[in-house]
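Subject: Handover of a structure and a summary of its contents

Dear colleague,

Please find the structure below, with its sequence. I would be grateful if you would read the notes that follow it with the model open.

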Amino acid sequence: MVTPPDNDVLWARALHFQHNGSPALCGVSLGVREGEIFAVTGPRGSGKTTLLQCLAGLLPVQRGEVWFNSTPVHTMGPITRERLRRDRFGWIDPAPLLLPELNAWENAALPLMLRGTGRRRAKTSALEWLERLDVGGCARKRPYEMPQADRQRIAVARALASCPTVLFADEPTASLHRADGVQVLRTLTAAARSHGITVVLATHPADAVAVADRTMSLLDGRQVSTVHLPPVPEEGRAPCSLSV
Ligand SMILES: Nc1ncnc2c1ncn2[C@@H]1O[C@H](COP(=O)(O)OP(=O)(O)OP(=O)(O)O)[C@@H](O)[C@H]1O
């Protein structure tokens with residue numbers, strides 16, 4: 001077995017995945033470096049979600065390898081993968097999946113509490129992240145009382161509050177209007193950069209150009225090219241009015 005390079009926080013080799021016999025990934029390989037924002041683009045059905053789910057341990061790898069920090073994920077059982085996801089990974093869905101029984105800060109604090117952080121500390125951290133994402137005023141509101149854009153900001157705060165090593169964001173702006181989407185994406189990536197969080201982001205090519213360090217494109221489950229973007233000057237990257 002070949003071991004991954006030391007500076008790759010995530011590394012996958014020859015990944016194959018089929019949903020009920022229909023191929024979704026056909027031999028995808030990649031390496032994501034620590035602190036990098038790595039974008040995966042491709043048309044609908046190209047395999048972006050399946051790739052992120054395999055990398056995050058949500059789907060068991062059927063063929064190929066996934067390594068996280070030199071630890072093989074592809075050989076882990078479901079309980080070990082679940083622990084890895086809880087302790088080291090964050091996840092953002094295309095639409096905000098919040099627990100309707102909990103208010104905004106409780107939703108944002110949940111991953112921290114699942115990791116064993118005390119309620120008071122988890123609440124403080126959650127409230128800080130809600131402020132950074134401009135939804136501090138919604139802290140005591142239930143999801144149904146908030147517009148979609150604010151709910152998605154809560155979901156982003158929830159993913160960032162536990163400072164994951166890797167944040168997987170699956171088309172996090174898909175359910176938002178363009179202006180809201182741009183703001184949420186910029187805030188997310190600026191916060192990840194300032195906290196050294198590695199991001200694997202499924203998104204549109206235009207957003208990838210705006211925020212990512214590298215982009216990989218998929219078509220019908222196959223890697224079609226890897227685009228190395230030129231360095232973006234600091235003042236040109238992800239302008240963000242928030243103190244993230
Ligand atoms: N649960 C499932 N059962 C059966 N087929 C699935 C399932 N999930 C995905 N697929 C199929 O696998 C392929 C890859 O889907 P995937 O959702 O990974 O692509 P995607 O690029 O994320 O698409 P989208 O942008 O629409 O979310 C598609 O052909 C899709 O129809």
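The notes below cover the sheet, the ligand site and the helix contacts, in that order.

This is a predicted model, in which local features need pLDDT of at least 70 and side-chain atom pairs count only at pLDDT 80 or more, while totals for chains, interfaces and linings use all residues. Residues are numbered from 1 along each chain as its sequence is written.

The sheet

Helices (H or I, at least four residues) and strands (E, at least two) are DSSP runs, numbered from the N terminus. Two strands are said to pair if DSSP finds at least two bridges between them. On that basis, four strands form an open sheet in the order S2-S1-S4-S5, and the pairing is antiparallel. Strand S2 (22-33) and strand S5 (71-72) are the edge strands, each pairing on one side only.

Strand S1 (residues 8-19) runs antiparallel to S2 and is joined to it by nine bridges; Leu 10, for instance, has Val 32 in S2 as its bridge partner. S1 and S2 form a hairpin with two residues between them, and Asn 20 in that turn has a positive phi of about 45°. Five bridges join S1 to S4, again antiparallel, and here Arg 13 is partnered by Glu 65 in S4. Strand S4 (residues 63-68) is in turn joined to S5 by two bridges, the two strands running antiparallel. In this pair, Trp 67 has Pro 72 in S5 as its bridge partner.

The ligand site

A residue counts as near a molecule if its C-beta atom, placed from the backbone, lies within 6 Å of it. The residues surrounding the ligand are His 19, Asn 20, Ser 22, Ala 24, Gly 42, Arg 44, Gly 45, Ser 46, Gly 47, Lys 48, Thr 49 and Thr 50. S2 and helix H1 (48-55) each supply at least two residues of this shell, and H1 gives the most, with three.

For the classes, Ala, Val, Leu, Ile, Met, Phe, Trp, Tyr, Cys and Pro count as nonpolar, Asp, Glu, Lys and Arg as charged, and the others, Gly among them, as polar. The shell around the ligand then has one nonpolar, nine polar and two charged residues.

The helix contacts

Axes are lines fitted to C-alpha atoms, for helices over the stretch in contact, and angles run from 0 to 180 degrees between N-to-C directions. Angles under 35 degrees count as roughly parallel, over 145 as roughly antiparallel, 65 to 115 as roughly perpendicular and the rest as oblique. Two residues are in contact if their C-beta atoms, placed from the backbone, lie within 7 Å.

Helix H3 (residues 104-114) and helix H4 (residues 119-132) have axes that come within 8 Å and cross at roughly 125°, and are therefore oblique to each other. Residues making this contact include Trp 105, Leu 112 and Met 113 of H3 and Ala 122, Leu 127 and Trp 129 of H4. The contact of H3 with H4 divides into eleven nonpolar, one polar and two charged residues.

The axes of H3 and H5 come within 7 Å and cross at roughly 30°, which makes H3 roughly parallel to H5. Among the residues in this contact are Asn 107 and Leu 110 of H3 and Ile 154 and Arg 158 of H5. By class, the contact of H3 with H5 has nine nonpolar, one polar and one charged residues.

Helix H5 (residues 148-161) also packs with helix H6 (residues 178-194), at an angle of about 10° and with the axes 11 Å apart; H5 and H6 are therefore roughly parallel to each other. Their contact includes Val 156 and Leu 160 of H5 and Val 184 and Leu 188 of H6. It has six nonpolar, one polar and two charged residues.

Yours sincerely
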